[in-house]
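Subject: A structure to look at, with notes

Hi there,

Here is the structure I promised to pass on. Please open it first, and then read my notes below alongside it.

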Amino acid sequence: MKHLLTPAAGALLALLAACGPTDKPAATAPPPPAKPVVPGPDIAALTDTTAPAALLAYGRQYPGSEVLLKTRLGNIRVHLFDDTPIHKANFLLLARRGVFDETVFNRVVKGFAVQGGQTSGPRTIHLRTYRLPPEIRPQHFHVKGALGMARYDDDKNPGHLSSNTDFYFVVGEKLAPYQSRAAAGRPLTPAQMQAYATRGGVPSLDGKYTVFGEVIEGQDVVDKINQVKVDPGDKWPVEDVGMKMEVVK
């Protein structure tokens, strides 16, 4: 209530007395609790140049190794590799900030891969489009269930820099050793050829995209997503398959 300055004390007393119980404003709902602040770098300010150091520092201070993706078709649990620390830290940071919670699986190519990380509407979390330096390791290859990061084509991106949000799960097909060797365009170990023969995958992607994790539970859910009906033009699912992410370990 504003204090009214007046020489008439009686008038002031009358005003105060008028503020009885029946004149109280209607009760309002309490404000929603503030969202907890997630530590780490400002994702709206990261650039191709500053992201690597900032993400490495974040990964050391706030480690993690497993992320759970919840979808309408089931859950997918992934393990993130320690020897791809920039990609790992980036995925953990964006998962904890809720960035992926606003995204969907936006490209589904049957028998090949399912890709997520794009929104079906405007973002509420401001995110800069920074890119990640490649962390391609020969021991991490595109067997079925591999988690990789998408990127622009070579003519626009000769350095093979990864997207910061667009990730994919490999589906692929089973291949005989001679097929996987020919498709890979690089030497494969006997164990890798065996994996492509028994589990399947897409060896033609090896050496071109960073694989930074793998599915440890819920590959059947990835397969279900790979079978949803899509727009034939852009391969976007006709019915959105959204996700919620939680760092669980």
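What share of the contacts in the protein chain with a separation of 6 or more comes from residues 24 or more positions apart? The share is 74%, where contact means heavy atoms within 4.5 Å.

A word on the ground rules. This is a predicted model, in which local features need pLDDT of at least 70 and side-chain atom pairs count only at pLDDT 80 or more, while totals for chains, interfaces and linings use all residues. Residues are numbered from 1 along each chain as its sequence is written, and side-chain values use heavy atoms, with hydrogens and water left out.

**The chain as a whole**

The protein chain has six helices and eight strands. Here helices (H or I, at least four residues) and strands (E, at least two) are DSSP runs, numbered from the N terminus. Their order along the sequence is α-α-β-β-α-β-β-β-β-α-α-β-α-β. Of the 249 residues in the protein chain, 41% are buried; buried means under 20% relative accessible area, exposed means over 50%, and partly exposed lies in between (1.4 Å probe, protein chains only).

**Two helices that pack**

Two packed helices are described by the angle between their axes and the distance between the axes. For helix α2 (residues 51-61) and helix α3 (residues 85-97), the angle is about 75° and the axes are 8 Å apart. Axes are lines fitted to C-alpha atoms, for helices over the stretch in contact, and angles run from 0 to 180 degrees between N-to-C directions. The helices α2 and α3 are therefore roughly perpendicular to each other, a label for angles of 65 to 115 degrees; under 35 is roughly parallel, over 145 roughly antiparallel and the rest oblique.

On the α2 side, Pro52, Leu55, Leu56, Tyr58 and Gly59 make the contact. Their partners on α3 are Pro85, Ile86, Ala89, Asn90, Leu92, Leu93 and Arg96. By class, this contact of α2 with α3 has nine nonpolar, two polar and one charged residues. Ala, Val, Leu, Ile, Met, Phe, Trp, Tyr, Cys and Pro count as nonpolar, Asp, Glu, Lys and Arg as charged, and the others, Gly among them, as polar.

Helix α3 also holds Lys88, which counts as buried at 11% relative accessibility. Leaving aside neighbours within four places in sequence, Lys88 is in contact with Gly64, Ser65, Leu80, Phe81, Asp82 and Phe212. Lys88 and Gly213 are 125 residues apart along the chain, yet their C-alpha atoms are separated by 8.0 Å.

**The largest pocket**

The largest pocket holds about 540 Å³ of space. On a 1 Å grid over the protein atoms alone, a pocket is an open set of points where a 1.4 Å probe fits, with protein on both sides within 12 Å along at least five of seven lines; lining residues have an atom within 4 Å of a point. Its lining has 26 residues, and Gln115, Ala150, Arg151, Tyr152 and Asp166 lie nearest the centre. Two or more lining residues come from each of β3 (104-109), β4 (113-118), β5 (146-151) and β6 (162-170), with β6 giving the most, six residues. The lining is made up of 11 nonpolar, seven polar and eight charged residues.

Arg151 belongs to strand β5 and is buried, at 13% relative accessibility. Not counting residues up to four places away in sequence, Arg151 touches Asn157, His160, Leu161, Ser162, Ser163, Lys208 and Tyr209.

In strand β6 you will find Asn164, buried with a relative accessible area of 3%. Beyond four places in sequence, the contacts of Asn164 are Asn90, Leu94, Leu127, Arg128, Thr129, Tyr130 and Met149.

**Two residues with positive phi**

Most residues other than glycine have a negative phi. His160, in the loop between β5 and β6, has a positive phi near 60°. His160 counts as partly exposed, at 21% relative accessibility. Lys235 has a positive phi of about 65° and sits in the loop between α6 (219-226) and β8 (244-247). Lys235 is likewise partly exposed, at 31% relative accessibility.

Key: Grid points are joined across faces, edges and corners, and a volume is the space filled by probe spheres set on the points.
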